[in-house]
Amino acid sequence: MNWERRVQLAAHPVLYPLVRGAGRIGPVVRIPGVGVLVSDAALAKEVLTDPHRFTKTGPGSSADLWTPVVGPTVLLNMEGDVHTTLRRKLSGLFTTRSVAELCARVAEEPMKRLRDDLAAGRPVDLVTVVRHLVGAVICELVGLDPTEAVRAHAAGAAITSMVRLGRPTLTPEQVRRSRAALARLTRPAATAYAAGDPATVPGRMRELGLTEQEALGAVAAFVLTGTETLVSYVPRLVALLHDAGWLDRVAADRSRVDDVVAEALRVTVPSPVMLRSVTTGTSVGKVRVRAGDRVVIATISAAKGRHPFDPDRPHSPAVRQVWFGAGAHFCLGMPLANAEIRAVLNAVLDSAPLSIVDRKAARRVLLPGYERLVLRRA
Ligand code: HEM
């Protein structure tokens, strides 16, 4: 069995075969207790770009999961004009230029250490390296001290580990534990809000007239969206390149970096599902849905199809970027994710030839990934 499949099965031993199996039955399949599963990329984009029929705020949607933990105004649980307005106001923090500067500043020292360790022949666990980096980047973005990096990542992981697809809401005890995990981060973020520095999310939100509670909710949302996805993806990208014999090839020809990054996103799909709630009687493909039905976009099937990792095969327009969503909620952090991915990948490629000397898939986690992936100079 290839390692990608092992990683998926270690995370979701029952759900992964169920979701992939449903995709083989048809592009849209109703699964009792889960929802209406959409496995086709064009239909997925149709749902994602029609907020009038499919919303993120109704029953069974992301809002049901996150609002009790992070409050009502954190983009991923908003729709309509209020969502567009807040998103536009925050977008300045995520321009290609500002994230490139932010990432270069934060990544310089840890990436130098990664290169030095690999050059000296020391084994390096890439999962630990990525955890630290993404935690530090989010800390910088939301105005937390970099020493909070590990805690920032741990808070995100603690919360996402409680989410189960078959359970549309968190239990009251899980909400309490999630809030406690986040409070350790949001308390320092309150200082950034008070300081009002517009280079940080809380400061920018204060400038925009948002309340402290709303600004702290955004901090929580960025911790949730911006850490685990990359810890899931970056080690799997490097493992795929290694296993498919592409690591040395890209190291020698950096013009292929964009192709391998996109193809590894298609194969891994770090955010494997997206949730929507139906607002009115309608259909998805040939399946009728009612108001209140839960639509589960199986991005993992929509993107992955049956094709193995092959950076030489172009992506169809329907599939392109679907791993970052579509429509009004398209990943706001994509430029930041791209900058972080390239920071680590370049450091790894600079250190080639490399071997994976030890690895273990993480068990029972929301976003599939490696628990450890140890590299050493070959
Ligand atoms: C490889 C890494 C990443 C992947 C695959 C990814 C994927 C996604 C997807 C699929 C969505 C849309 C969800 C939906 O429509 O239901 C999304 C939204 C979002 N992402 Fe990312 N993401 C990544 C990294 C990041 C990073 C680093 C950040 C930085 C903070 C971030 C911030 C956000 C935010 C704030 C939203 C909500 C946008 C809105 O609702 O308007 N993401 N992401």
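1. Let's begin with Ser39. Which residues does Ser39 touch, once its neighbours within four places in sequence are set aside? Its contacts (heavy atoms within 4.5 Å) are Gly23, Gly26, Pro27, Ala298, Ser301 and Ala302. Ser39 sits in the loop between strand S2 (35-38) and helix H3 (41-48); helices (DSSP H or I, at least four residues) and strands (E, at least two) are DSSP runs numbered from the N terminus. Ser39 counts as buried because its relative accessibility is 10%, where buried means under 20% relative accessible area, exposed over 50% and partly exposed in between (1.4 Å probe, protein chains only).

2. A word on the source before going further: this is a predicted model, in which local features need pLDDT of at least 70 and side-chain atom pairs count only at pLDDT 80 or more, while totals for chains, interfaces and linings use all residues. Residues are numbered from 1 along each chain as its sequence is written, and side-chain values use heavy atoms, with hydrogens and water left out.

3. Apart from neighbours within four places in sequence, Trp66 is in contact with Gly71, Leu76, Ile159, Val163 and Leu224. For a sense of scale, the C-alpha atoms of Trp66 and Leu240 are 32 Å apart in space, and the two residues are 174 apart in sequence.

4. Most residues other than glycine have a negative phi, and most peptide bonds are trans. The bond joining Ala352 and Pro353 is cis, with omega about 5 degrees. Pro353 itself is in the loop between helix H16 (334-350) and S9.

5. Val269 has a positive phi of about 45 degrees, and Arg364 has a positive phi of about 55 degrees. Is Val269 buried or exposed? At 1% relative accessibility, Val269 is buried; its place is the loop between helix H14 (257-268) and strand S5 (274-278). Arg364, in the loop between S9 and S10, is exposed at 53% relative accessibility.

6. Together with Arg164, Arg167 and Arg363, Arg364 forms a positive surface patch. Patches are made of residues with over 30% relative accessible area and no salt bridge, with like charges joined within 9 Å and nonpolar side chains (Val, Leu, Ile, Met, Phe, Trp, Tyr) within 5 Å. Arg363 lies in the loop between strand S9 (354-361) and strand S10 (370-377), and it counts as exposed because its relative accessibility is 57%.

7. How many salt bridges are there? The count is 22, taking a salt bridge as a side-chain nitrogen of Lys or Arg within 4 Å of a carboxyl oxygen of Asp or Glu. One of them pairs the side chains of Arg249 and Asp312 at 3.7 Å, N to O. This pair links distant parts of the chain, 63 residues apart: Arg249 is in helix H13 (residues 247-252), and Asp312 is in the loop between helix H15 (299-304) and H16. Arg249 is partly exposed, with a relative accessible area of 42%, and Asp312 is partly exposed at 45% relative accessibility.

8. Asp350 and Arg254 form another salt bridge through their side chains, at 2.9 Å, N to O. The two are 96 residues apart and link distant parts of the chain, with Asp350 in helix H16 and Arg254 in the loop between H13 and H14. Asp350 is partly exposed at 40% relative accessibility, as is Arg254 at 34%.

9. The last pair to check is Asp358 and Arg372, whose side chains meet in a salt bridge at 2.7 Å, N to O. Asp358 is in strand S9 and Arg372 in strand S10, 14 residues apart. Asp358 is partly exposed at 31% relative accessibility, and Arg372 is partly exposed with a relative accessible area of 29%. Elsewhere, salt bridges that share partners join Arg249, Arg256, Asp259 and Asp312 into one network.

Notes: Areas by Shrake-Rupley, 256 points an atom, 1.4 Å probe, with all protein chains shown as cover. Lys, Arg positive; Asp, Glu negative; His and termini not counted. Charge placed at Lys NZ, Arg CZ, Asp CG, Glu CD.
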